[in-house]
Amino acid sequence: MYAVVDIETTGGKYNEEGITEIAIYKFDGLKVVDQFISLVNPEKPIQPFVVNLTGINNEMLRNAPKFYEVAKRIVEITEDCVLVAHNAKFDYRILRTEFKRLGFDFERRSLCTVELSKKLIPGQDSYSLGKLVRALGIPLSDRHRASGDAQATVKLFKMLLAKDIEKNILKDAVKLEPKRQIDTRLVYILEDLPVITGVYYFHNEEGEIIYIGKSQNIKKRVTQHFTNEQRKAREMQKEVSSVSFEATGNELAALLKENQEIKHNKPKFNKVLKKNIFSHALYYSTDEDGYINLKIGRAGRKNSITTFSSLKRAQNVLEMWTKTYELCSRLCNLEKGDGNCFNYTIEKCNGACIKSESAEVYNERVRALINQHSYKNQHMLVIDRGRDIDEKSALLVEDGEFKGIGYFNLNHQINNIDIIRSIITPMKNDRDAQHIIQSYLRRNSRLKIVPLAPAD
């Protein structure tokens with residue numbers, strides 16, 4: 001992780017300057033993940049030539065926070081980061097001087113984009129920030145203001161990372177331990193990984209799969225594995241020889257593929273998914289008065305409507321559904337007792353609990369819930385993002401059974417069931433897969449669902 005910094009000062013004698021403005025962008029090598037920008041009251045006048053250069057004057061800083069008021073935020077945003085700046089010796093010296101005045105020893109490793117540019121982009125007429133970024137086509141606004149200069153430095157540094165063929169910057173920044181540089185082998189593995197959604201595989205020297213995972217950002221997730229200090233992660237780091245991956249385009253496909261691949265390959269470092277990934281389910285039954293009752297129970301029995309990862313999750317979802325479908329909380333077994341339910345007293349229940357609403361009318365809404373959240377006996381395609389911008393994915397369910405996932409480019413491909421079956425990669429229809437699909441559909445209600453005609 002990097003903290004890209006730019007500082008504007010009052011000017012003046014060496015080590016007597018004061019900070020007038022600071023901008024810090026926390027950068028993970030791909031994108032900015034946090035930022036801090038602030039004017040600072042230096043408690044001393046700004047040199048006239050600096051006012052002309054930056055446009056920052058004494059009046060602008062009258063009500064700005066003093067350095068001691070922003071010092072904690074600076075420490076927090078730069079913690080465990082390499083400090084990056086254009087002419088880093090200057091910015092780092094100024095920061096250390098300010099912190100020393102507060103009695104705090106501020107220490108960070110630093111990188112200078114001037115020095116890196118001279119090494120990685122030789123032959124430039126000038127290595128001043130303004131002239132260099134202009135020559136490289138990097139936009140720069142608000143020159144000589146902390147935010148504008150820091151933003152340009154982020155873009156310059158991203159270019160330098162790409163040009164660092166020897167991976168010296170990455171080897172310096174990514175650590176297995178606080179005092180130990182990352183193994184060169186892992187550095188080059190990281191360099192080859194993409195920022196995409198999919199499933200990744202850790203292989204040992206023999207090519208055997210020792211771990212399988214999924215992520216919406218494979219590069220970032222694998223980096224976390226390689227920098228994790230826990231015992232299991234350290235053991236895995238020692239054994240991994242290479243990482244392969246498969247793009248899925250969307251999280252649902254990645255979840256399903258991960259579920260299937262772990263069960264099939266049984267990697268030594270994957271233990272969680274050897275058990276079912278859900279614990280509770282929603283069931284229905286009809287009482288002696290003809291009303292359909294809903295009840296949460298332990299998963300495992302047949303004919304469940306849908307499944308949940310925990311009892312608490314099941315209760316929260318069912319409470320939400322009672323409001324959405326105007327159901328009785330007593331007939332959903334969320335409330336005990338006799339007589340009318342509490343929601344009836346506040347006019348949120350239509351009275352099924354005291355039979356003032358007929359079973360026929362009430363059951364229509366219960367069946368709507370069941371049809372919406374259970375794909376038993378259903379024939380449908382779930383359309384989601386594909387691996388490329390002109391591609392989509394299709395998840396096939398026939399007669400209530402998950403058949404697999406495929407990808408298509410042309411809409412006419414999903415109008416013919418035989419073509420659909422030909423593009424689908426078959427996957428196992430187990431209870432975990434059913435739970436994954438139902439949970440994902442609950443969380444992503446805007447997904448396109450295409451009903452299919454039943455097979456002959």
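**Domain, shape and contacts**

Modeller: In an unreviewed entry, the UniProt annotation "domain: GIY-YIG" covers residues 195-271. Keep in mind that this is a predicted model.

Biologist: How far apart are the end C-alpha atoms of residues 195-271?

Modeller: The span is 44% helix and 25% strand. Its end C-alpha atoms are separated by 26 Å.

Biologist: How many helices and strands does the protein have, and why is it described as more spread out than a compact globule?

Modeller: The secondary structure comes to 16 helices and 18 strands. For 456 residues the globule rule gives 23 Å, and the computed value is well over that, so the protein is more spread out than a compact globule. The radius of gyration is 30 Å.

Biologist: What box do the C-alpha atoms fill?

Modeller: The box is taken along the principal axes. Its dimensions are roughly 90 × 60 × 45 Å.

Biologist: What share of the 456 residues is buried?

Modeller: The protein exposes about 24,200 Å², and carbon and sulfur atoms supply 47% of that area. Buried means under 20% relative accessible area. Buried residues make up 50% of the 456.

Biologist: Turn to the rings. Why does the pair Phe99 and Phe106 count as stacked?

Modeller: A search of the whole structure finds 12 aromatic pairs. For Phe99 and Phe106, the ring centres are 4.6 Å apart. Planes under 30 degrees apart count as stacked. The pair is stacked because its planes are at 5°.

Biologist: Which ring does the charged end of Arg387 sit over?

Modeller: The charged end lies 3.9 Å from the ring centre. The ring belongs to Tyr407.

Biologist: Now Phe278. Is Phe278 buried or exposed?

Modeller: Phe278 lies in the loop between helix H11 (251-265) and strand E11 (280-286). Its relative accessibility is 8%. The cut-off for buried is under 20%, so Phe278 counts as buried.

Key: Residues are numbered from 1 along each chain as its sequence is written. This is a predicted model: local features need pLDDT of at least 70, side-chain atom pairs count only at pLDDT 80 or more; totals for chains, interfaces and linings use all residues. Side-chain values use heavy atoms; hydrogens and water are left out. UniProt positions are given in the numbering used here, feature names are shortened, and annotations may be inferred rather than shown by experiment. Helices (H or I, at least four residues) and strands (E, at least two) are DSSP runs, numbered from the N terminus. Rings of Phe, Tyr and Trp (its six-membered ring) pair if their centres lie within 6.5 Å; planes under 30 degrees apart count as stacked, over 60 as edge-to-face and the rest as tilted. A charge sits over a ring if NZ of Lys or CZ of Arg is within 6 Å of the ring centre and within 35 degrees of the ring normal. The radius of gyration is taken over C-alpha atoms; the globule rule is 2.2 Å times the number of residues to the power 0.38. Buried means under 20% relative accessible area, exposed over 50%, partly exposed in between (1.4 Å probe, protein chains only). Accessible areas come from the Shrake-Rupley method with a 1.4 Å probe; for residues, only the protein chains shown count as cover.
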